[in-house]
Amino acid sequence: MTSLEFTYAVCKLLNDKKAVDVKAIHVEGRSSLADYFVIASGGSTSLVSALEDEIYDKMAQQGKKPLHIEGANTNYWVLMDYGDVLVHLFLKEAREFYGLERLWADAPQVDLSHILTAD
């Protein structure tokens, strides 16, 4: 699975689990941290935790486990490091405060129109 395919898979899982405002940013060549950032919000710490669990479980079934997870104790901002893909799960207020999309505004967004569904 390529890093883009992994990004699509995570975004689909997040969408299916009712994450809010799912986005993917292509940061390859702009950051030494990863090729893609996936960013999504949950309306409560319980939902952020459920999103993390869903990604962890479903990706582990495909043989992909994160190198590191940060923030799972508070579920305010959870960072799941999958090497080439960093998954950022935010409580809505934390996402607005940290503004990752603003910080990476010069990086192209990945088209997710074929994955995301509106309810």
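1. **Basis.** This is a predicted model, in which local features need pLDDT of at least 70 and side-chain atom pairs count only at pLDDT 80 or more, while totals for chains, interfaces and linings use all residues. Residues are numbered from 1 along each chain as its sequence is written, and side-chain values use heavy atoms, with hydrogens and water left out.

2. **Overall fold.** The chain has 4 helices and 5 strands. Helices (H or I, at least four residues) and strands (E, at least two) are DSSP runs, numbered from the N terminus. Their order along the sequence is α-β-β-α-β-β-β-α-α. The radius of gyration is 13 Å, close to the 14 Å from the globule rule for 119 residues, so the chain is as compact as a globular protein of that length. That radius is taken over C-alpha atoms, and the rule is 2.2 Å times the number of residues to the power 0.38. The C-alpha trace spans about 35 × 35 × 30 Å along its principal axes.

3. **Surface and contacts.** Of the 119 residues, 43% count as buried. Buried means under 20% relative accessible area, exposed over 50%, and partly exposed in between (1.4 Å probe, protein chains only). The chain exposes about 6400 Å², and carbon and sulfur atoms supply 51% of that area. Accessible areas come from the Shrake-Rupley method with a 1.4 Å probe; for residues, only the protein chains shown count as cover. Contact means heavy atoms within 4.5 Å. Among contacts between residues at least 6 apart in sequence, 61% join residues at least 24 apart.

4. **Helix H1.** This helix covers residues 3-16 and reaches 20 Å from first C-alpha to last, close to the 20 Å expected. The expected span is 1.5 Å times one less than the number of residues. Its buried residues include Phe6, Val10, Leu13 and Leu14. Cover for the buried residues of H1 includes strands E1 (20-26), E2 (36-42) and E5 (85-91), along with H2. Just after H1, Lys18 has a positive phi of about 75 degrees.

5. The whole structure holds 7 salt bridges. Each is a side-chain nitrogen of Lys or Arg within 4 Å of a carboxyl oxygen of Asp or Glu. Lys58 bridges to Glu54, with the closest N and O atoms 3.2 Å apart. Both lie in helix H2 (residues 45-61), 4 residues apart, about one turn of the helix. Lys58 is partly exposed at 31% relative accessibility, whereas Glu54 is buried at 18%. Leaving aside neighbours within four places in sequence, Glu54 contacts Leu13 and Lys17.

6. Lys92 and Glu96 form a salt bridge of 3.8 Å, N to O. They too sit 4 residues apart, in helix H3 (residues 92-98). Arg95 bridges to Glu101 at 2.3 Å between the closest N and O atoms. Shared partners join Asp21, Lys23, Arg95 and Glu101 into one network. Arg95 is buried, at 7% relative accessible area.

7. **Aromatic rings.** There are 5 aromatic pairs. Rings of Phe, Tyr and Trp (its six-membered ring) pair if their centres lie within 6.5 Å; planes under 30 degrees apart are stacked, over 60 edge-to-face, and the rest tilted. Phe97 and Tyr98 are edge-to-face, at 4.9 Å centre to centre and 90 degrees between the planes. Phe97 is exposed at 60%; Tyr98 is partly exposed at 35%. Ring pairs link Trp77, Phe90, Phe97 and Tyr98 into a cluster.
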